[in-house]
Amino acid sequence: PLRGKVCCGCCGHAMPRTAKKNATFYCRYTQVNESAPCHGLTVTEAELEGMLYEVLSKQAQVILNVADLSNAGRLDVQLAEQAEYDKQIENYLDQKRVLYEQFILKQITMEDYKIQKAAVDSELDRLQEIHSNLKVRTSQMEMDEKTKSARTELAREVVGAGGLTAGLADTLIDRVYVYPNNQVEIVWKMKDFCMEAA
């Protein structure tokens, strides 16, 4: 799963993998330079995969345990509010049509028509601006909701995998930097998957 993703944290070079029973990633670049901090740096594939899967599964548990229902509730409120403004806008458009009909049928004067139409137009502009802003916020919330559900689905996949798979590594991990003393730095592909715990 980690082929091509493991690098030496000291010199930055890719760490090749030995193709033997107990596969190991090693820093070939500094094998000849005994003074380099990463001289002789190795990590077994099993150890590295186990460590990474542990980090991923802890993060997945955090994501699955965060029951953030507030956003879903807020989204419903926003959609209801948007529908209410739709109705109000439709109502003012109807008033505008009625005013025009009254003017054409000579039930009101040109002056009255202009004054009443200006008042209706002013309110209509205000409502349409509020509606437009609501629409933008609602779209953003819907996108956030989709992102969150995709992240939750991925967290379930991590928990169900039982170990690091090539699919999970390709989806979530960009690079793994290995340092002496078993220290590891992970560069994530999906930053928001591993920011919830912070």
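**Reading a predicted chain, residue by residue**

User: Leaving aside neighbours within four places in sequence, which residues is Glu45 in contact with?

Analyst: This is a predicted model, in which local features need pLDDT of at least 70 and side-chain atom pairs count only at pLDDT 80 or more, while totals for chains, interfaces and linings use all residues. Residues are numbered from 1 along each chain as its sequence is written, and side-chain values use heavy atoms, with hydrogens and water left out. Taking contact to mean heavy atoms within 4.5 Å, and setting aside neighbours within four places in sequence, the partners of Glu45 are Arg17, Ala23, Thr24 and Phe25.

User: Where does Glu45 sit, and is it buried or exposed?

Analyst: Glu45 has its place in helix H1, where helices (H or I, at least four residues) and strands (E, at least two) are DSSP runs numbered from the N terminus. Buried means under 20% relative accessible area, exposed over 50%, and partly exposed in between, with a 1.4 Å probe and protein chains only. Because its relative accessibility is 15%, Glu45 counts as buried.

User: In what order do the helices and strands follow one another, and what is the radius of gyration of the chain?

Analyst: The chain has four helices and five strands, and from the N terminus on they run β-β-β-α-α-α-α-β-β. The globule rule gives 16 Å for 198 residues, and the chain is well over that value, so it is more spread out than a compact globule.

User: What does the C-alpha trace span along its principal axes, and what percentage of the residues count as buried?

Analyst: Along the principal axes, the C-alpha trace of the chain spans about 100 × 35 × 25 Å. Of its 198 residues, the part that counts as buried is 30%.

User: Which residues of the largest nonpolar core touch the most other members?

Analyst: A nonpolar core is a set of buried Ala, Val, Leu, Ile, Met, Phe, Trp, Tyr and Cys residues joined through side-chain atoms within 4.5 Å. The largest one holds 27 residues, and those that touch the most other members are Leu2, Met15, Leu48, Leu52, Leu164, Ile173 and Val178.

User: Which element gives the largest share of this core?

Analyst: Two or more residues of this core come from each of E1, helix H1 (45-65), helix H3 (110-161), helix H4 (166-172), strand E4 (173-179) and strand E5 (183-188). The largest share, six residues, is given by H1.

User: Where is Thr42 found, and how many Å separate it from Asn182 in space?

Analyst: Thr42 is found in strand E3, residues 42-44, and it counts as partly exposed because its relative accessibility is 44%. Not counting residues up to four places away in sequence, Thr42 touches Thr24, Phe25 and Tyr26. Although Thr42 and Asn182 are 140 residues apart in sequence, their distance in space, C-alpha to C-alpha, is 9.0 Å.

User: How far apart in space are Ser132 and Ala166?

Analyst: Ser132 has its place in helix H3 and is partly exposed, with a relative accessible area of 38%. It is 34 residues from Ala166 in sequence, and the C-alpha to C-alpha distance between Ser132 and Ala166 is 44 Å.

User: Which residues is Ala161 in contact with, leaving aside neighbours within four places in sequence?

Analyst: Ala161 is found in helix H3 and is partly exposed, with a relative accessible area of 35%. Ala161 and Lys21 are 140 residues apart in sequence and 23 Å apart in space, C-alpha to C-alpha. Once its neighbours within four places are left aside, the residues in contact with Ala161 are Tyr53 and Leu168.

User: What value does phi of Lys106 lie near?

Analyst: Lys106 is found in the loop between helix H2 (70-104) and H3, and it is exposed, with a relative accessible area of 73%. Its phi is positive although the residue is other than glycine, with a value near 60 degrees.

Methods. The radius of gyration is taken over C-alpha atoms; the globule rule is 2.2 Å times the number of residues to the power 0.38.
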